[in-house]
Amino acid sequence: MMECWVRTGDGQAWKLPTAVSWVFRYGTDTPCDSFSLRCLWERGQEKVLSGAYRFYADWEGRRVFTGVVDEFAVVCGGGGLTLELEGRGMAALLLDNEAMPAEYQRCTRADLVANHVAPYGVACVGGQGLSPVAGFTVGSGESEWSVVRRFACYYGGVTPRFDREGRLVLDPYQDGQAVRIGGKDKITEWEYREDRHGVLSKVAVRRRTTWGTQWVSDPAFIAQGGCARRVITVPNTTGTTAMRYTADYQLRAARRERVRLRLTAAGGFLAWPGELVDVELAGFGANGRYRAAQAEVSCGAEGLTTSLWLGETDAMI
């Protein structure tokens with residue numbers, strides 16, 4: 001059973017009536033997580049939620065969404081009086097706020113959180129293993145999310161994301177037991193796709209005016225005839241390890257859409273973005289292990305369903 005609440009600016013928590021339909025969308029990058037739901041409403045309470053700014057949802061007793069309220073509407077029509085509520089995950093706070101331009105001689109994880117995360121009421125966990133970045137620059141017009149993503153992903157090799165409690169997570173994925181899709185699962189739709197355009201075979205990272213170049217290649221793509229090289233120039237102060245991370249990031253990011261398997265199955269919350277998924281469908285030629293990149297869980301006229309977008313296990317999702 002789905003239970004939902006909103007919190008208003010005066011600190012009050014309002015439990016919403018039972019939802020008649022809802023959709024939750026999850027990912028690891030932009031656009032950020034989002035939700036929409038429709039529930040029955042009572043006449044005379046049209047402006048009760050004017051100050052609603054946070055949204056929470058529990059499914060069978062566990063938290064499945066924490067986010068911000070973007071829009072609500074009270075609609076009177078053939079279906080009676082209903083409340084329609086929409087919003088995004090907590091990443092919206094970092095996406096919506098522009099960072100102050102800055103130049104760090106040495107930016108640490110503590111600097112990142114104190115200046116670009118904590119001011120917006122966002123809690124952060126993990127990231128103690130991220131190395132400081134020398135000469136880290138925040139550009140004019142850059143969002144706080146862009147700053148966080150560049151620091152963690154580009155220099156640290158970690159995909160930043162938000163958990164269902166609304167906390168920013170800066171640790172690498174900890175792979176546990178893979179989720180199994182197949183067997184008795186009722187698969188209603190699937191699509192398998194591969195896209196070579198934009199995938200890189202080699203990346204060279206060189207310092208601007210001094211000697212030193214790091215090369216990283218993708219042997220599997222090269223074996224398939226892939227031939228696309230990029231040369232990245234970085235400041236002279238960039239360390240060898242950071243250069244390696246930069247090259248590896250470029251390869252993994254270029255393979256983000258290399259393989260995509262989309263599955264829709266009956267049931268709710270079958271897998272979360274970042275989790276390993278073993279696909280075992282009868283008569284299917286692309287069975288194997290994937291990593292979930294996106295998930296969409298919906299409940300409406302067609303019942304409860306989960307759609308998963310799966311990609312390569314080692315690509316940047």
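1. Basis. In this predicted model, local features need pLDDT of at least 70 and side-chain atom pairs count only at pLDDT 80 or more, while totals for chains, interfaces and linings use all residues. Residues are numbered from 1 along each chain as its sequence is written, and side-chain values use heavy atoms, without hydrogens or water.

2. Overall fold. The chain has 5 helices and 21 strands (DSSP runs numbered from the N terminus: H or I of at least four residues, E of at least two). Its radius of gyration is 22 Å, close to the 20 Å of the globule rule for 317 residues, so the chain is as compact as a globular protein of that length. The radius is taken over C-alpha atoms; the rule is 2.2 Å times the number of residues to the power 0.38. The C-alpha trace spans about 70 × 55 × 30 Å along its principal axes.

3. Burial. Of the 317 residues, 48% count as buried (under 20% relative accessible area, 1.4 Å probe, protein chains only). The accessible surface is about 15800 Å², with 48% from carbon and sulfur atoms (Shrake-Rupley method, 1.4 Å probe).

4. Charges. There are 37 positive and 37 negative side chains (Lys and Arg against Asp and Glu; His and chain ends are not counted). The centres of the two sets lie 6 Å apart, with charges placed at NZ of Lys, CZ of Arg, CG of Asp or CD of Glu.

5. Three strands form an open, mixed sheet in the order E9-E12-E11. Strands E9 (124-125) and E11 (161-162) are its edges, each pairing on one side only (pairing needs at least two DSSP bridges). E9 runs parallel to E12 (residues 168-169) over 2 bridges. Val125 stands opposite Val169 in E12.

Key. Buried < 20%, exposed > 50% of the residue type's maximum accessible area, 1.4 Å probe, protein only.
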